[in-house]
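Hi,

Here is the structure I said I would pass on. Have a look at it first, and then read my notes below.

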Amino acid sequence: MIRIAAPAAAGLCLAACIAEPEAPELAEIDPATYAVEVVAGGLAHPWDIAFLPGGDMLVTERPGRLRVISGGVLQDEPVSGVPEVYAEGQGGLLEIMLAPDFADSRIVYISYASGDAEANATSVMKARYEDGALTGGEVIFTSSPAKDTTTHFGGRMAVLPDSSIVLTLGDGFAYREQAQLATNHLGTIVRFTPGGAPAPGNPFIDQDGPAAFVWSYGHRNVQGIVFDAQSGLLYAHEHGPEGGDELNLIERGGNYGWPIVTGGVDYNGARISPYTDHEAHGFIAPMIEWTPSIAPGGMTLYDGALFEDWRGDLFVSALSERAIHRIDLDASGAVQSEEVMLTERGQRFRQIATGPDGALYVLTDGGGDGEVLRITPAG
């Protein structure tokens, strides 16, 4: 289901002329068909979760703490060795991702906002995790140029089959025009080796500087990315302004149009661009466009065994809409249908992940009351 904002009337008009349209009603998954368990609470803006061999979980808190859930209990003592973060606005400690060979190497990758109010960026640290501590931490990537805003850091990561890492970034909010330049990292998805070098095969690798890392551009603030090993497809979603949130199929060297083409309007009601048709202007069109905005925060490709009918589907966590979207994909990766769940809880959902036990794990966004939820079939 694709939702597009209606174009404004020609000529001068009031803000009401470009107000967001009503969203089509999506079917809702019956809450009686699933069970919700609170695994842990009392978290400060939990942002990401990783599952360790043996059953423990690591959860990042945006203010700068990495927490351990062991035996179903949130441990009081945070993990040591976490890098110093710029925890202002949307910045802070973001994603934690285990290396594919974590069981042997104990390597993790952490994305976070670095720097200060005058000059900040998105960085990635590589370290070893063992017994509640990060050791040997090394910063392997920092986005360029630095910015002086507290928003749009991106920060989600995924590992591709060649072991390269893709990292989502934002446009820094005040620098949106820079998203149309592949010569910097604002509004891009970048790709690098496990050691932090530009990955071979990047579309602009022959250029010096930031461009060598860029995989795709023309994005606003990408906060969800998933690689489907079965189809070989890379999916990402990004925040629009007022409307124009997008689910995209990411292509090498692709330009996704921001801010030249968007289904959204600015927060003061002003139109950002007169163009809403991506393909008509030579850009890659979204698979889904959410208008009004749902504020997508995270995403997982469900590959567990508990929900057999949902295998191969995307799940997107939504902050402002306070829902989880299930996106049914066919064998080619095309969207077939969309429905929502967890609306009955009225919570902001930051991240959703598939656990090794086949359950869906959801992080709710809260300053001191954030939770880790576990979703299983009812009964």
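Let me start with Arg348: this residue counts as partly exposed because its relative accessibility is 29%, which falls between the 20% and 50% cut-offs. Before you go further, please keep in mind that you're looking at a predicted model.

Which residue does the side chain of Arg348 meet in a salt bridge? That would be Asp365, at 3.2 Å from N to O. Asp365 is buried, because its relative accessible area is 15% and buried means under 20%.

There's another pair that links distant parts of the chain: Arg106 and Glu130, 24 residues apart. Their side chains meet in a salt bridge at 3.6 Å, N to O. You'll find Arg106 in the loop between helix H1 (102-105) and S8, and Glu130 in strand S9 (residues 120-130). Buried or partly exposed, what are these two? Arg106 is buried, with a relative accessible area of 18%, whereas Glu130 is partly exposed at 35% relative accessibility.

Then take a look at Arg65, which forms a salt bridge with Glu61. The closest N and O atoms of that pair are 2.8 Å apart. Glu61 is buried, with a relative accessible area of 1%, and Arg65 counts as partly exposed at 33% relative accessibility.

Salt bridges also join up into a network: Glu37, Asp357 and Arg374 are linked that way. How many salt bridges does the count come to? The answer is 15.

Now for the sheet that S8 and S9 belong to. Four strands make up this open sheet, in the order S7-S8-S9-S10, and the pairing is antiparallel. At the edges are strand S7 (93-98) and strand S10 (133-142), each of which pairs on one side only. From one strand to the next, the twist averages 25°. Ile96 has its bridge partner in S8, namely Ile110.

That's what I have for now. Enjoy exploring!

Cheers

Terms used:
Residues numbered from 1 in each chain as written. Predicted model: local features only at pLDDT ≥ 70, side-chain atom pairs only at ≥ 80, totals over all residues. Heavy atoms only, no water. Pairing = 2+ DSSP bridges. Helix = DSSP H or I, 4+ residues; strand = E, 2+ residues; numbered from the N terminus. Axes fitted to C-alpha atoms, helices over the stretch in contact; angles between N-to-C directions. Salt bridge = Lys/Arg side-chain N within 4 Å of Asp/Glu carboxyl O. Buried < 20%, exposed > 50% of the residue type's maximum accessible area, 1.4 Å probe, protein only.
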